[in-house]
Amino acid sequence: ALVDVRGQRFLHEERLNREGWDARASVETLDIRNGNWSLRLAEGDPGTIHLRGSIRGDAVLALRLTPSKPLVFFGTNGVSRKGAAPDAASHYLTFPRLRVEGTLTLDGGDRQVGGEAWMDHEISSSQLDEGQVGWDWAGIQLQDGREIMAYRMRRRDGSADPYSTLAWVDREGVVTHLGAASFRWSGTGTWKSPGTGAVYPVPVKLETLDPADGQPVTLYLEPLFPAQELTGGLGGVAYWEGACRVLDGRRREVGSAYVELTGYARDLRESFR
């Protein structure tokens with residue numbers, strides 16, 4: 001997906017291919033391809049990742065990603081629990097901050113781009129626990145050099161499952177996990193999709209504690225623009241996933257975020273059966 005803030009466009013494409021002539025994935029290193037999409041470690045330079053691809057006929061990108069922090073693992077001993085059932089879990093690893101350089105082709109013109117990225121990778125059973133209908137997730141990069149990852153496993157009555165988690169990553173890459181009782185996720189408004197009719201709770205208000213001093217923290221995750229829904233035309237699962245600015249309790253901009261909201265178009269347990 002690509003967010004064009006100035007043009008108020010959300011460009012996206014979905015693909016589903018099995019390994020074969022047009023798709024493959026290495027089990028020994030980071031080397032993935034799906035058509036002309038690819039993500040791989042640079043040969044001879046394991047500290048650099050190359051990302052290449054296109055979005056239909058609208059955009060082409062070739063990016064070089066260099067981790068600014070070491071790889072981190074969320075959960076206990078590499079296992080991130082998502083519910084009480086033993087199969088409601090994932091192996092969850094992340095580069096929470098990478099330096100980005102490269103080229104973007106958009107509207108027929110090439111431009112040099114740069115910035116920061118967040119790379120998530122989860123290996124999971126894709127199972128929701130009984131009573132869960134979806135999840136809300138955020139990856140947040142703060143201007144003070146720290147990051148926050150939060151997910152709220154959402155139950156049918158709208159409450160947060162006890163296995164929901166918020167994690168802080170400090171400037172050196174050390175992770176501090178907080179339980180479901182240590183943060184609160186709520187919507188401060190709504191956006192209704194004209195395509196699917198789903199109503200998404202955005203912007204997001206996130207309240208938690210700063211592990212550095214134990215003081216309360218309030219963050220507002222405000223979409224750069226609201227229409228950032230992937231409509232699920234291929235996989236059948238529509239969800240909102242978009243770029244946000246991060247404001248503190250005094251409404252000062254203090255970072256950037258990517259937010260994912262699922263299970264609002266339909267109960268995801270129905271889709272994952």
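The model is predicted, so local features need pLDDT of at least 70 and side-chain atom pairs count only at pLDDT 80 or more, while totals for chains, interfaces and linings use all residues. Residues are numbered from 1 along each chain as its sequence is written, and side-chain values use heavy atoms, with hydrogens and water left out.

**Around F183**
- F183 sits in the loop between β15 (175-178) and β16 (184-187); strands are DSSP runs of E, at least two residues, numbered from the N terminus.
- F183 counts as buried because its relative accessibility is 9% (buried is under 20% relative accessible area, exposed over 50%, partly exposed in between, with a 1.4 Å probe and protein chains only).
- Leaving out residues up to four places away in sequence, F183 touches Y151, S164, T165, L166, L206, E207 and T208 (contact means heavy atoms within 4.5 Å).
- L166 also has a bridge partner in β15, namely L178.
- β14 (residues 165-169) pairs with β15 in the antiparallel sense over 4 bridges; pairing takes at least two DSSP bridges.

**Salt bridges**
- The whole structure has 20 salt bridges (a side-chain nitrogen of Lys or Arg within 4 Å of a carboxyl oxygen of Asp or Glu).
- D4 and R9 form one, with the closest N and O atoms 2.8 Å apart; D4 is buried at 14%, whereas R9 is partly exposed at 27%.
- E101 and R64 meet at 3.4 Å, N to O, linking strand β10 (residues 89-106) to strand β7 (residues 59-67) across 37 residues.
- K69, R97, E116 and E147 are joined in a salt-bridge network.
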